[in-house]
Structure formats: C-alpha cells, structure tokens
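Hi,

Here is the structure I promised to pass on.

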Amino acid sequence: MFTVETFPAPELGNASFMVADPERGVALVIDPLRDVDAYLRRADSLGVKITAALDTHLHNDFVSGRRELHKLVGTDLAELAPGRELQVGEISLRALHTPGHTPDHLSYLLTEEDRPRALFSGGAVMVGAIARTDLFGPHLAVPLAMEALRTLQVRLRGLPDDLAVYPTHGSGSFCGTGGRSGHETTLGQERATNAFFQTTEVMPFLARALNQQRYPTYYRDMAAINRAGAPLLGRDPSPPPKLDAAAVASLISAGAAIVDIRPGREYDRAHIPGSYSVGLEGPWSAWVGWLVPRGRPIVLVGGSDAQHREAQRQLYRIGFDTLEGALDGGMDAWKAAGRELAAFETVDVEDMAAWILSAEPMTVVDARDEHEWAAGHVPGSVHIYVPDVPYRAGEIPLEAPVAVHCASGYRAGIAASLLEQAGLKRIIHVNGPYSDWDRLHLAESRP
C-alpha cells in the first residue's frame, strides 16, 4: 500500500510529493525542491530509501532538487518518456504527455493492481485552475493554451472521477491565477467545479487561460538554470554568517542589497535607509527574486537565526546563492553603532480616507496588480504596481506626502521601501486591508 506525503512551499504557492511503499522500503519524490533534507528526514522516519525523483516539467519558478537527490542517494537522472512506466516497489507510475503549461509537460499516473489511484498533475490541473501557458513567450501562449484545452478534454478524458489529483502548483503561485488553496483534489471535483474544465469552446477558453497576472522577473532565466544544473548544496548548507554593522555598511558601499525581513510595521518604525522591506511572512522569495537582480550580494536584516535559515532556504530554492550574511543584533546593533536610520508613517485605511476627505495635498499610490485595480480603486489614486515603482517613481510629486496601499499592507510596505530608494521623503505606509474601504462605505472608482 502506498502513501503520499505532501511537502508544501507556501512562499512559492507550490508543493512537492513523496510517494512511499513502506512494506518494500522504497520511495520516490515528484517535483523536489533544491533543499532536499526534508525528504531524506521523512524517508528515514518511514524506514524507506528514495530511489527515484521526477519532475513534471522544466520549472520556471524554482530550482529542481533532482540533482541533489542524485548526488546524495543515487537516484536516476534519466527522464521518463511519455507512455513509459517506472516501477518503485509496488508503485507503478506512467508518464502522460499533458502539454499546456509547458510544451513537454508530463503528469504521472499512479496505478495499483492495474487500477488508476492518483495523478501527479504538476500544472496541467490545479485546484480550481490550470497553470499559465505564457512562460515561453507570447508567440507560444496561444498554441500552449490550445494544448491545455486538449489535455483537459481529450488526454485526461478516460481517467475516472474518483482519481486523486496532486497538483504541484497551487493558490499563491505566480504560475497560475484563480485557483483555490490546497494540493489535493479529485478529477471529478475539478470536472464539476473548475472553470477551465467547464469552458469547452476554444475562444472563451483562450480568453480565460491568457488572463494572467504578471510573473517575477527571475522566472526568465530559471529554465536555463534547471537545464544546466544549479551548483550542488549538499544536505545541510552552513547558515548565513553573522555580520557586524561595519561589515554591513561596507557591503552597502559595495552595492549589496539590504533585505529587511521584519513585518512592515516594525520596518516603518526604524530601518536602514535604502533597504528593501520584504516581510518573511509573505511570498518572500518571489518578491526578492522580482526586485533584486540575480547575482547581486544580499544581506538580511531583522529576524531570528531560524528566520535567517528560512530566508536562505527560500533564496536557494530560486537559485539566489549570493547571500553574504545577516546583520548580527539587528536594528539594535545598527543603532548602537550610530548608523543612519529612516522611518515611515504607518496608518490604517480609515486614516487615509480621512486625509483624502480633508483635501490636504497628498498622492495616493495603489501598489496592487492590474486585475485588482480594474475591480475598483481609491478615487484619485495613482496605479503603480510594485515592480514598476523604480521606473515610475519620478511621476510622483516631491512636494506632497505619498501614501501607498495594496490589498493587505504587505506589498505596500515593499513599494514604500522602493519609493524611498527613488528619493521620496515623506512616505506613508497604509498597513491595512483594502476591504476596509468597502467597510467604510466609501465610493470606488472603476475604469
């Protein structure tokens, strides 16, 4: 009897899976992350050996851990061709060609006693969605969307409704939008509720499939990194070095990116001028990978030793291997060294509304994405999505304060730090849910 273990990566909106046959002492991993220790520890606790590792597709959002597992436990690096089967103990996996998210995308059908029992669908089927088809360029977005339609309606047609489905991509992944949370469903549930299964006409399907949010810039070279193979980390990489204030100041002078991992309200009270505010509680690595060029040295500020290890793990997962270390003692050490500090005002949505109604000069910046903006926004606000702030901050007048908001306050904190880097002085971080705008019964603007 097989078991399926789920290993979520919430900052990516993804999961990987270990399928084990405890009776025969073997297991395999599907879509492993680069930091493989969690799989090995779980295998040890189950008394199994990982003998195989497979990817459903060439990943654009994280570094595959297949080479790490090959180095550490000798798993096979050979690809499983469409239609071929892999036997691990009593576990039988058959590779199904399910293009759409990528041209060569595979899903793995697990059978037991010749009966289909589970489908590891990668991005071909998500909970309530499918993964995007535009990562290989606009010239392939429509052809791959057509393939995605064929995958749902033709290639998966003969599989039973009660088949368990384990998608790699989930809610929160930039590889797809509109999905529901979770990494387990059934094919019948998706056929009954997933709009992509229910949209069978070509043009409406294309319109739905291609209506995607933007994705982080680090995606652009991730496929090439996975093709070539990222440097091997080993099972237990050394933790980030501890740096004193003088060392951090020297790294700043040399061009390092200072990434403050504290929650936004703590950053607002006092921070290193010019640092990035990216709280570890959110999709941290996605935003760091979007805003900090690959290869630029990175220094962490704030947080505990355990949080520094978590940040390091997330950076490794996206192939960012230039973490120089973390400021020892955090902001207290920076203050004690007499170094320069900066601060933002922190307000709630209600405070922003009162300020707007007072008719005092103020620029309101909406840092949400285009879909959120189109659904409604604060009258008179300026729409600048977070990654566009460095390029459009010059449009904001310097003589008046600027209040920046998003849906929850998280992205607004990132945008506020980018506005500071661009030279704005009086920055107000609106750290509250945009839904409060509705609660206050305030009018919205819609295009």
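For the cut-offs, buried is under 20% relative accessible area, exposed is over 50%, and partly exposed lies in between, using a 1.4 Å probe and protein chains only.

Before the rest, some housekeeping. This is a predicted model, so local features need pLDDT of at least 70 and side-chain atom pairs count only at pLDDT 80 or more, while totals for chains, interfaces and linings use all residues. Residues are numbered from 1 along each chain as its sequence is written, and side-chain values use heavy atoms, with hydrogens and water left out.

Now the salt bridges. I count a salt bridge when a side-chain nitrogen of Lys or Arg is within 4 Å of a carboxyl oxygen of Asp or Glu. Searching the whole structure turns up 31 salt bridges. One of them joins D37 to R235, with 2.5 Å between the closest N and O atoms. That pair ties together distant parts of the chain, 198 residues apart: D37 belongs to helix α1 (residues 37–46), while R235 sits in the loop between α7 (219–228) and β11 (242–243). (Helices are DSSP runs of H or I with at least four residues, strands are E runs of at least two, and both are numbered from the N terminus.) D37 is also partly exposed, at 22% relative accessibility.

Another pair is E112 with R117, whose side chains meet at 2.3 Å, N to O. R117 is partly exposed, with a relative accessible area of 24%.

Within helix α3 (residues 138–155), R150 and E147 are three residues apart, which means about one helical turn separates them. Their side chains form a salt bridge at 3.7 Å, N to O. R150 is partly exposed at 38% relative accessible area, and E147 is partly exposed at 23%. There is also a network: D21, E23, R24 and E90 are joined by salt bridges that share partners.

Finally, the sheet. Five strands make an open sheet in the order β11-β15-β14-β12-β13, with parallel pairing; two strands count as paired if DSSP finds at least two bridges between them. At the edges are β11 and β13 (276–277), each pairing on one side only. β13 pairs with β12 (residues 257–260) in the parallel sense, over two bridges. The bridge partner of D260 in β13 is S277.

Cheers
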